[in-house]
Amino acid sequence: MSTNQYAAFYRINPATVAKAFQKLVDEQVLYKKRGIGMFVSPTARDALRARRRETFFSDVVDPMVAEAKAVGVPLAEVMARIERLAGRED
């Protein structure tokens, strides 16, 4: 779909859609083929996973540890639970 089609479908400003697409191009998730359109980069999945890995500890682990401390759950108990859950997937 074109930028205007996305804007109409989602009922948002076309400039917002254009900015979002440009950000995805800048982050190498999408790439442009002049006169043809935009396509998902072959490296998009790896790039997105790497970005998610970068924020995993600050977004997930750090708040979990803080919450565990706040409610008095020992770190050893948290680690045991994580190891037990991880063992279920093996």
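Where is the place of Tyr 10? Helix α1 (residues 3-10) holds Tyr 10. This is a predicted model, where local features need pLDDT of at least 70, side-chain atom pairs count only at pLDDT 80 or more, and totals for chains, interfaces and linings use all residues. Residues are numbered from 1 along each chain as its sequence is written, and side-chain values use heavy atoms, leaving out hydrogens and water.

View 1. Tyr 10 counts as exposed, at 51% relative accessible area (buried is under 20%, exposed over 50%, partly exposed in between; 1.4 Å probe, protein chains only).

**View 2. Glu 27 and Arg 51 in a salt bridge.** Their closest N and O atoms sit 3.3 Å apart (the cut-off: a side-chain nitrogen of Lys or Arg within 4 Å of a carboxyl oxygen of Asp or Glu). Glu 27 lies in the loop between α2 (14-26) and β1 (30-33) and Arg 51 in helix α3 (residues 44-71), so the pair ties together parts 24 residues apart in sequence. Helices (H or I, at least four residues) and strands (E, at least two) are DSSP runs, numbered from the N terminus. Glu 27 is partly exposed at 25%, and Arg 51 is partly exposed at 29%.

**View 3. Lys 23 joins the network.** Lys 23 and Glu 27 meet through their side chains in a salt bridge (4.0 Å, N to O). Salt bridges link Lys 23, Glu 27 and Arg 51 in a network, and the whole structure has two salt bridges.
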